[in-house]
Amino acid sequence: MVPPRWFANRADPAATSSSCHGRHGDPGCIGRASSATQALRAAVLPVFIRHLLAPHALRVIAAPAHPLRGFRATRHAHTLHCFTGMATANAHSPPSSHATLSTARVAIEAAFHDEGHGYDVFGLHPPTLGRMLALGAPLYDRYFRVSSEGIAHVPTHGPTILVANHAGALPVDAAMLCFDVLRRTEPPRIPRAIADHFVPRVPVVGTWLSRCGVVPGTRRNVARLLERGELIAIWPEGTTGPAKRFRDRYRLQAWRVGFAELAIRYQAQIVPVSILGAEESWPLAARLGVRWYGAPYLPIPAWPVPLPVHYRIEYGAAIDLRCLAEQADDPAIVAAAAARVHAVLSRQLDDMRFARRGIFR
Amino acid sequence: MRVMVTGASAPLGAAIVQRLLAEPGVEHVVAVSRAAAPRIHRRLFHRTADLTHPRAVHDLVHDAATAYGVDTVIHAAQHRDPHEVGVPVHTQNVESARWLVLACAAQATIRRFVHRSFADVYAHRDTTSALIDEDAPLELAPGAPQWLRDRVEADLTVSARPTGRLQIAVLRLAELVARDTGSQLWDYLSSRICLRPIGFDPIINVLALDDAAAAFVAAARSSATGAFNIRGADTLPLSRAIVQSGRAELPVPGPWLAPLYRLRHAVAGFEFRYDLNLERFHFGGMLDGERAARELGYRPSTRVVWPRPWWRVLLQRLAETRS
């Protein structure tokens, strides 16, 4: 049986580059495809999705959209090896590049505290996280076309707190941030998103999020993560951030200060992260006062699905509060540290907002 | 070290006695149980006593102190049936602990008292941390079942006692998965089909009998006082525990579980009570064993032996024999 041309292209880097050169006659062209190729892709896409959803494939395919077609071909050749059992995922990991994290790398390389059965005390299960990464890759790559800058500011080890702005009817911005950190840090660091107290109460969602690394936001949980030197992501606005009016978009709301105290106490670095796009992508139309599962309100989005707004993420320079280590109990010091992060993030947001040319571009 | 162990006929008490006898620093062990038992070791002495009577408790402690020179008391006796309620159960779980600790405080030779408590004393709610340390809130809800209230009261009765000459350590054990220990999880996993609340798969931590015994011996040796969480070496989702036990799981809506398990108890006589485990089966909650590791030197090392069906055990043994 002759494999589909689309699949063959990805299985053989040489074939890929030669066919591309043949079509366009431009050795530098690596990204364009003819309409025939697009049609072929549409025909085989369901097959590819089936392959993607196969449990074995999920461990090795992340298929990030990358302009370097040869690189993608390498990844698919690698996938074929895995299907035939010729190589392990880790043995043929592609060279380091941005947006290259495969699910296998999450499962194998990302450091986490395994308690003996493949789970940590908070329920994180890297293979599940890897599957989610594979399934969400089209959203990250194609739909929201997430671009980010400054990942080098995220330390490769040690206790770190990512402090970000929060918006949108549902926390798509949080998911995109976690995706971005996972895919761009080298070696991969699993961001532990800190969620509100009601999240574990929500059936299915609470369990699923905990497998993906989300941790309920209690002081003890966060302290333990920092003690272990993990990377955590906090949205100090809490639920007030997504609940704000559209006219207040990108204005940081009331700011909780607990993260600053914990950062001082556990000598963690704070990386301010500004996320642009969530406000316009899926704004909140209304809040129903239904407190299901302890949630403060039931969000009613302005439209049923988020708009394909271009998400932009910027990591600011790390703020080091280690010099305040002895003053973690001083409320004034803690409030000042939190205010400093607030000011930095506000400025970062304003700069990004003024610099962008349009919400979809 | 001369140690007296209550509840010595139960699996945990027996494991503690065995472990103590293996310790070189233990001169002799006085094993207390309701029924007489044969003397199997030259350093082991048996005493029979009914701990539900204050006079018996007083006499037991007095004799142990004067005749055997006991300096450490490990109180591991507990009522095991969660379906029994009433004054006798309360007396065995709470009053016996009170009488025992008071009698020990009155004896000059006894310097250490180690009390068995349970992870159930903590309030497992969605607002509590996934990791439960010794300062976490206790289950003091007025509507809590007697089984829980007794455990909390006994824990507080012993741990709230001011530390003087008698050093008191309270060990709050994670769920002990072993036969005849009163383990709710063992009973739950012993049925062919385990019902689980739909949409929830909490992370649980379970303790092996050997680790529990090791924790008691470590506490007896140490001079640290206060409450200590004793966690086990197995941390896994409930669904995984069901798989490990070779059982089938059936997710059903949460509100159905309590009546279904009540019906099961009435028909088949299972001990598992869903109302005792409701919060835990939704939100999990794991003991933070840092303090026990730091002050008692206890770290879990033994994996739990899951309650597998007999044919699976047989297959496993055959496979082991072949290999």
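1. Start at one residue pair: Gln269(A) has Asp320(A) as its bridge partner in S10(A). Strand S10 of chain A covers residues 319–320, runs antiparallel to S6(A) and is joined to S6(A) by 2 bridges. A word on terms: strands here are DSSP runs (E, at least two residues), helices are runs of H or I with at least four residues, and both are numbered from the N terminus. Two strands count as paired if DSSP finds at least two bridges between them.

2. Before going on, keep in mind that this is a predicted model, where local features need pLDDT of at least 70, side-chain atom pairs count only at pLDDT 80 or more, and totals for chains, interfaces and linings use all residues. Residues are numbered from 1 along each chain as its sequence is written, while chains are lettered from A and ligands numbered from 1 in the order in which they are written.

3. S6(A) has other partners too. Strand S2 of chain A (residues 160–164) runs parallel to S6(A) over 5 bridges, and Val163(A) sits opposite Pro272(A).

4. Now the chain contact. Chain A puts in 20 residues and chain B 19 residues, with contact taken as C-beta atoms, placed from the backbone, within 7 Å. On the chain A side, strand S4 (215–216) and helix H10 (219–227) each give two or more residues, and H10(A) has the largest share, 3 residues. That side splits into 8 nonpolar, 8 polar and 4 charged residues. Nonpolar covers Ala, Val, Leu, Ile, Met, Phe, Trp, Tyr, Cys and Pro, charged covers Asp, Glu, Lys and Arg, and the others, Gly among them, are polar.

5. Finally, chain B has an open sheet of 3 strands, ordered S8-S10-S12, with mixed pairing. S8 (175–176) and S12 (234–237) of chain B are at the edges with a single partner strand each, so one side of each lacks a neighbour in the sheet. Strand S10 of chain B (residues 203–207) pairs with S12(B) in the antiparallel sense over 4 bridges, with Val206(B) opposite Asp234(B).

Key:
Two residues are in contact if their C-beta atoms, placed from the backbone, lie within 7 Å.
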